[in-house]
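Thanks, everyone. I'll keep this short and stay on one topic: the interface.

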Amino acid sequence: MPLSNLNKHTAKGQQEHTNHRKRRHSSENHSPTSKRRRDILEEMTDSQKRANFSALTSPSNGLTRHASPLVNNKPGAAKKLVIKNFKEKPKLPDNYQQETWEKLQGAVEAIHTSHSIQASLEELYQAVENMCSHKMSATLYDQLKQSCEKHVKSNISQFLGYPFLCFVMFLKCMDNCWQAHCRQMIMIRSIFLFLDRTYVLQNSSVMSIWDMGLDLFRSHIVGHILVQARTVDGLLQFIERERNGEAVDRQLLKSLLRMLSDLQIYQDAFERKFLDATDSLYAAEGQRLMQERDVPEYLAHVDKRLNEESERLLHYLDQSTRKPLVTCVEKQLLEQHLGQILQKGLDQLLNENRISDLTLLYQLFSKVKDGMRELGLAFALYIKNTGRLIVINVDNDAEKDKDMVQNLLDFKDKIDNIISVCFGRNEKFINGMKESFENFINQRQNKPAELIAKYVDSKLRAGNKEATEEELERLLDKIMVLFRFIHGKDVFEAFYKKDLAKRLLVGKSASVDAEKSMLSKLKQECGAAFTSKLEGMFKDMELSKDIMFAFRQHMQNMTAPGGVDLTVNILTMGYWPTYHPMAVHLPTEMVDYQEIFKKFYLGKHSGRKLQWQPTLGHCVLKVEFAAMKKELHVSLFQTLCLVLFNDGHEFTFEEIKQATAIEVEELRRTLQSLACGKARVLIKHPKGKDIEDGDKFIFNEDFKHKLFRIKINQIQMKETQDENTSTTERVFQDRQYQVDAAIVLKQLKSVYQIMKTRKSLTHNLLISELYNQLKFPVKPADLKKRIESLIDRDYMERDKDNAIQYHYVA
Amino acid sequence: MADDMEVEAEREGCGYQKNDKMFTLKKWNLVAMWSWDVECDTCAICRVQVMDACLRCQAENKQDDCVVVWGECNHSFHNCCMTLWVKQNNRCPLCQQDWVVQRIGK
């Protein structure tokens, strides 16, 4: 009830008691109404005041007496109006205090019993104000407190009276009682507001009326052990029911929990028990559900529980409970089971690429202590294990190796996607992933590097039309990521170079742009030294074109033997892979042509020598079959075999070997491609897939094929086992050479350092010091060499008289 | 020009060779590896293989200009290494004969 309203009521009801107060009151109120003016006039008729204003009893006299000087005399003679104090203080009736209190008590009781109040609220407020003004505040406060206490005490009976009241009813009853108490206290406070604003404020030891009410309620109702226990138990039962999925009266819960908060016993009486109950509930639930449910279901359940609890916080729990409650749930449902969840479910989730479940897993784990760390470790372990399965191939099964790189790329894509979608691109996870990839991919020596190189080759080869340029570019980028993990980059380089050579020389490169792009990526990754030789290969191809242009101009003035269109690629030794030198027998016209070119080339480049590489040569042959003409794209070796049939009908394996001088295994492959492949230009006797000694070959005159140009030189692009082994071996040789070089350097350094510190040593002492310093096994002969080498370079010298004594040379 | 040759080859194929030759070579793609025609493949002055550029040229990225020089004694070195060498000592580092350039590679 607003204060001004109360004032008005009081002023109206209490005129007869305190006139002087009334005047003060009206002066306070600066907007006097007509009614108030009438009040003042009424006051003037009061007997108490009549004595002071006796002059007014004869109004006509006074008026004339007063009027004449005003009219006739000087203004200075005007009579002053003097207001004097009361001669004696107005006194309260003796029984005033008791009467007033009785009236107030009546009102309080009416409030307590929900009856209508007899007196007006304004009057009651005024009464309080008056009592306070007459120093009765303390008594009034005590009386009020007693009255309230009596009422509150009387309320306890309803909670004790029905011991078997069901807890729902009990709680409702409690709520009603509380609500009534609050309502009543608000009303009482309104009436006793003046007391609250003066006496209470001036005495810090006294509680405000509201707090007094709370205190009474706390100590007499909720403070009762039995009542409190029943209330809290009831609340906990309510919450448990809700946790079990029943709908409960949240309003009631909210109201009662607010009550506990207001009474400041929320934490002591309720929260602790509530958290204990929560703890044991979820501990049990966690244990049970971890057994019963699979991980995704369990995680969904945990998520649901967390949401429910935060809804509970939103709807009725005190906000201060949020942290302990959430921690409790997370601890019991997650933290206790971190290991088990990861062990039981992570691999499955990752295998099945269950994005949403993994996202949830990450979100939940990020909430608990150690969750991120555990998840990160388990994730890294999964990558290592899964990756190892892709990479390791105990039986060296070629079929499995064929798909390794594609599988690795797919696996990487999948993991990348999971990290970016589910794991929020967490830096730690990305690093863990990188480490894991590096770990497993190097678990198998050399082969992954080789296969990556071959995979790139397959993508850069002509005829690979499955990808657009952009796709190819993206793919190469992905491959570079895998390449980065590889330790044995030299193995990659060797195989890449070998394949690049074939692509360039046999003219099978799909796109110069893609080749250059790959080259620049490698350069970026490994530096210019790594790619300088690869770049040299491209340069050789360019230079060869220029040379061929010059050669053709040169040939215009001569008659070309056989009218053959000759193209020569001149390779710089050292840039290209090394090939087995192989001398084969060429037909005379070819040898002549070759010599013409050689003469031309060496004439232009003095001081050089040329070595022919027949393995890489390839030709186009025109063939006259019985039915039609064809053009065959064949390797040089195939050409050599076929042109033999210009001079004879049938040849044995040995005859061909003799005539061509092609190495046996190479010849077998060559003949197999001609007589046992898809396009059979030769017929073999006896029939069979493999070429045996003594097999006979005849020209297949009835050869038929739907195309005019037929390519049968694919065998050149294929890698033989021999080639593979020699490529790998060469890498190992180079490595050994590098290791040797490093060892030599280290040994030299050691000798030098020892001599520098000791200045002078005998041979034996120097050797024993070296053994101490060099951790790996050394041959004494090697050390002698290092010493000699340093003496040669004038870093140390032998003693002139004693050959086994050395001196350091500054 | 290439077309001319093909026409020529065509004519020959259809001409006198038709009956006795089933296979006729039309195009030939030949591969050759070149290297310096040297007796010792390491430059005695800088200890780098002559097929690679000397260290100075490698550092200055002038690999293409780093050629080989032969003396009358038939010993060979990087041309740039030898140019520096003869400023101090006009003899072949290997045989101590007076250094006379026989030829320079290109």
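Start with the area. Chain B and chain A bury about 4,800 Å² between them, and carbon and sulfur atoms give 57% of that. Keep in mind that this is a predicted model.

Who carries it on the chain B side? Phe23(B), Trp28(B) and Met33(B). Together they supply 21% of the area that chain B buries against chain A, more than any other three residues.

Now the head count. Chain A brings 55 residues to the contact, and chain B brings 36.

Next, the polar side. Between the two chains, 27 residue pairs are in polar contact, both partners at pLDDT 80 or more. Three elements of chain B each supply at least two residues to the side touching chain A: α1 (2-14), β1 (23-36) and β4 (101-104). Which one gives the largest share? That is β1(B), with 14 residues. By residue type, that side of chain B splits into 19 nonpolar, twelve charged and five polar.

How many salt bridges does the rule find across the interface? One. Glu631(A) pairs with Lys26(B), and their closest N and O atoms sit 2.8 Å apart.

Last point: strand pairing. β1(B) comes up again here. Strand β2 of chain A, residues 608-612, is joined to β1(B) by five bridges. The two strands run antiparallel. For a place to look on screen, take Leu610(A): it stands opposite Trp34(B) in β1(B).

So much for the tour. The element to remember is β1(B): 14 residues on the side that touches chain A, and five bridges to β2 of chain A.

Conventions: Residues numbered from 1 in each chain as written. Chains lettered and ligands numbered in written order. Predicted model: local features only at pLDDT ≥ 70, side-chain atom pairs only at ≥ 80, totals over all residues. Heavy atoms only, no water. Contact = heavy atoms within 4.5 Å. Buried area = accessible area lost by both parts, 1.4 Å probe. Salt bridge = Lys/Arg side-chain N within 4 Å of Asp/Glu carboxyl O. Polar contact = N/O pair within 3.5 Å; in protein donor to acceptor, adjacent residues only side chain to side chain. Helix = DSSP H or I, 4+ residues; strand = E, 2+ residues; numbered from the N terminus. Nonpolar A, V, L, I, M, F, W, Y, C, P; charged D, E, K, R; others polar. Pairing = 2+ DSSP bridges.
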